[in-house]
Amino acid sequence: MVSRHEVLARLDAGDPAGAARIAGEILAARPENADVQGLLALALDEAGHKEEALDAMRLAVALPAAPSIALRNTTNLAAMLVGAGLKDEAAGLLRSAWPWLPDIEIGNNERQCITLLADIM
């Protein structure tokens, strides 16, 4: 069975189409895999399929994931949204409740930093 490491290897080799194909194979067996869904989005973005990449990353953000993967997908989505000129959506995403961090206390200082980043975008 193919793995996320093969997706990363294809991306590192400059083969986003190959990375997307492998990610698709993995997701066919495990559609709830937020990690690989996020990698698929990056591969689609690198291949120039910007709308498909945004849709794929939105799905990746919506899937349950470990905090590190959810954070990676969220920040990648925010960057992709800014790149697509969708700054309001990016700002809203960064201001959201971040349900994937239920056990981590985000204090006022952290929230202000995140809000400032959203305002800059």
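Hi everyone. Let me begin with a term we'll need: a salt bridge is a side-chain nitrogen of Lys or Arg within 4 Å of a carboxyl oxygen of Asp or Glu. Please keep in mind that what you see above is a predicted model.

Here is a case to start with. Arg10 and Asp15 form a salt bridge, and their closest N and O atoms are 3.1 Å apart. Arg10 is partly exposed, at 30% relative accessible area, and Asp15 is partly exposed too, at 25%.

Now let's step back to the overall fold. How many helices and strands does the chain have? There are seven helices and zero strands, so reading along the sequence you simply get α-α-α-α-α-α-α. The chain has 121 residues, and 36% of them are buried. Its accessible surface comes to about 6800 Å², with 58% of that belonging to carbon and sulfur atoms. If you take the contacts between residues at least 6 apart in sequence, 46% of them join residues at least 24 apart.

What sits inside? The largest nonpolar core has 27 residues. Val7, Leu40, Leu44, Met57, Leu77, Leu81 and Leu93 are the ones with the most contacts inside this core. Two or more core residues come from each of α1 (4–12), α2 (16–29), α3 (34–46), α4 (50–62), α5 (67–83) and α6 (87–95).

Let's look at α6 for a moment. Its buried residues are Ala90, Ala91, Leu93 and Leu94. Why do we say that they line one face of the helix? Because, seen down the axis of α6, they fall within an arc of 160 degrees.

Back to salt bridges, then. The whole structure has eight of them. One is between Arg21 and Glu25, at 2.8 Å from N to O. Both residues lie in helix α2, four residues apart, which is about one turn of the helix. Glu25 is partly exposed, with a relative accessible area of 39%.

Another one pairs Arg72 with Asp35, where the closest N and O atoms are 2.8 Å apart. This pair links distant parts of the chain: Arg72 is in helix α5 and Asp35 is in helix α3, 37 residues apart.

How values were computed. Residues are numbered from 1 along each chain as its sequence is written. This is a predicted model: local features need pLDDT of at least 70, side-chain atom pairs count only at pLDDT 80 or more; totals for chains, interfaces and linings use all residues. Side-chain values use heavy atoms; hydrogens and water are left out. A nonpolar core is a set of buried Ala, Val, Leu, Ile, Met, Phe, Trp, Tyr and Cys residues joined through side-chain atoms within 4.5 Å. Buried means under 20% relative accessible area, exposed over 50%, partly exposed in between (1.4 Å probe, protein chains only). Contact means heavy atoms within 4.5 Å. Accessible areas come from the Shrake-Rupley method with a 1.4 Å probe; for residues, only the protein chains shown count as cover. The arc is that of the directions from the helix axis to the C-beta atoms.
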